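Please read this note with the model open beside it. Comments on any point are welcome.

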Amino acid sequence: MALSRQIFDTVIVGGGGSGLRAALQLAEAGHHVAVFSKVFPTRSHTVAAQGGIGASLGNMQEDHWLWHMYDTIKGSDYLGDQDAIEFMCRKAAEVVYELEHFGMPFDRNPDGTIYQRPFGGHSQNFGERPVQRACAAADRTGHAMLHTLYQRNVRAHCQFFVEWMALDLIRDYEGVVVGIVALEMETGQVVIFQAKSTILATGGAGRIYHSSTNAFINTGDGLGMAARAGVPLEDMEFWQFHPTGVAGAGVLITEGVRGEGGILLNSEGERFMERYAPTMKDLASRDVVSRGIDQEIKEGRGVGPEKDHVLLKLDHLGAEVINKRLPGIREIALKFANVDPIREPIPVVPTCHYQMGGIPTNYYGQVVAPRGALGTSEVIPGLYAIGECACVSVHGANRLGTNSLLDLLVFGKSAGDHLCEWLKTNPQHRDLPHDAADRSMERLSRLDGAQSGENITEVAQAMRRTVQHHAGVFRTGTLLREGVEKIREVAKRARNTAIKDKSRVFNTARIEALELENLVIVAEATLVAAEARTESRGAQAREDFKDRDDKNWLKHSLWYMEGSRLDYKPVNLQPLTVESFEPKVRVY
């Protein structure tokens, strides 16, 4: 069947913060840009980011980009690449001021400067004391950012394909990426989009977990596309659990609550984080706070009939502060926990929140495919990845709070800038291969033609239960080995799904089946990489290997879909211009 074709300079898969920031850079330079999104762009998952954007503006007290760099490296548990981290922290103030000039409604200080709040892991003078570094728009920072960037893109005449799902990358016979195959979700029409360059900006894949702060659209589509095209996935064992998801609901309660003075309490009314992080207390790094909460629950000091959560107290802040600085949090607490934080604490528990790993890139956003064990890297022509689906790696084993929105801005702009130059030397469209859409059409034909098979929802539930149980806050070798076996069984089931009642489900079941294929790839990569890493580092906390092992494990994992095999590459400990921060014991 002949498919219709559309031609662009650049196609961007994902309409969240990173995709919109890259699109703006390209569209304002006069390039013909298409942005694909499964939902309307301002409903992308960036909208859920609450707390702020990290940047050493120094509006509240003295600050410096080098301190931010140190905090980011320490937060990453020394697995972050220091050249990329320096690049990001140096660019932070620039991209925040740029966003301000775009019309972003930041909270203000009395003198008109951008208000900044404290956040976990941010410090002055290399860990001496907390610092206010998070640039915020109340507790709706991501929401404000998305609207700001979307409006600028509309003005720049960027073209949006809303409620479209990208299926696969198209690579020509020399391995160059020359576009994508995409599906219009309403009609089921499949179209080839030919492009000189392609950017993956599809966000994370937190829906591999049963309990997650992630939206239902976060299904790892970009990671699945990359893996099927032969690109490895980097550091997939590292998933950040946010310390404060609403108990029983998983909805995010921003770290900004603790930044404004909220405190965590156990069943005895004790401020227990003083035990785990004497200096930073409730504002220690996220993995430290999550493990502290988990430990309190394990030792019987949890709250509630099941003793399965702790309390986040903020009533002492007063109604004025809560309504001004945290209005969205009060709304969430009322809706999802049935408590009013002005009067009573919020029940919270660690919940899967952020994917530190992803598609390997350099700090220009170019996707790189390492050659050989611990070997050099080779750029894949025409392919970029940015945002949560990418691994630069600035987050390493544990992301520092506020660096997610910063990551979107810095590397979205960086990729856009680099592509503007790349397109000058690559002005022509390359020919499409004759089998450009074959893989995608075969996947769709199998789904549509299957007369019997597994129920899509049941397989998805089995996947989430497996990952939640076997790759949670605390892990063991036995749990992980069992998890690898179970997820491979789930993967076989996912390849044998069937749409049961084609007369009733319209295209919804097709989309869910396609998303499940991507999620299972991510889930298998996660468990295989986690089982192989015999140490505790950042979000990988193994009870059978409690210590960090810099001698053997100061390296990034690379999982290849073909053969489900692992390779490794070294962490880059060499910054761009300053002295290296050597790994040391990580305390808060």
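The points below go from the whole chain to single residues.

1. Basis. This is a predicted model: local features need pLDDT of at least 70, side-chain atom pairs count only at pLDDT 80 or more, and totals for chains, interfaces and linings use all residues. Residues are numbered from 1 along each chain as its sequence is written, and side-chain values use heavy atoms, with hydrogens and water left out.

2. Overall form. The C-alpha trace spans about 65 × 50 × 50 Å along its principal axes. Buried residues make up 64% of the 588. Buried means under 20% relative accessible area, exposed over 50%, and partly exposed in between (1.4 Å probe, protein chains only).

3. Secondary structure and contacts. There are 16 helices and 20 strands. Both are DSSP runs, numbered from the N terminus: helices are H or I with at least four residues, strands are E with at least two. Of the contacts with a separation of 6 or more, 75% link residues 24 or more positions apart. Contact means heavy atoms within 4.5 Å.

4. Nonpolar cores. The largest core holds 83 residues; Phe 36, Ile 180, Phe 193, Leu 200, Leu 233 and Ile 359 touch the most other members. Helix H15 supplies the largest share of this core, 14 residues. Apart from it lies another core of 62 residues, among them Leu 57, Cys 135, Ala 144 and Leu 408. A core here is a set of buried Ala, Val, Leu, Ile, Met, Phe, Trp, Tyr and Cys residues joined through side-chain atoms within 4.5 Å. Beyond its neighbours within four places in sequence, Phe 36 has contacts that include Phe 161, Trp 164, Ile 180 and Phe 193.

5. Strand S7 (residues 164-171) has 7 of its 8 residues buried. It is joined to strand S8 (residues 177-184) by 7 bridges, and the two run antiparallel. Two strands pair if DSSP finds at least two bridges between them. Ile 170 has Gly 179 in S8 as its bridge partner. Between the strands are 5 residues, and Gly 175 in this hairpin takes a positive phi near 90 degrees.

6. The three-stranded sheet. An open, antiparallel sheet has the order S10-S19-S20. Its edge strands are S10 (233-234) and S20 (565-570), each pairing on one side only. S10 is joined to S19 (residues 555-560) by 2 bridges. Leu 233 stands opposite Trp 559 in S19. Helix H15 (residues 508-532) lies across S10, S19 and S20, at about 135 degrees to S19. Axes are lines fitted to C-alpha atoms, for helices over the stretch in contact; angles run from 0 to 180 degrees between N-to-C directions.

7. Helix H5. All 8 of the 8 residues in H5 (residues 221-228) are buried, so this helix is largely enclosed by the rest of the structure. Asp 221 and Arg 228 are among those buried residues. Just after H5, Gly 230 takes a positive phi of about 95 degrees.

8. His 309. This residue sits in the loop between helix H8 (286-298) and strand S13 (310-313). His 309 counts as buried because its relative accessibility is 11%. Not counting residues up to four places away in sequence, His 309 touches residues including Ala 247, Ile 297, Pro 347 and Val 349.
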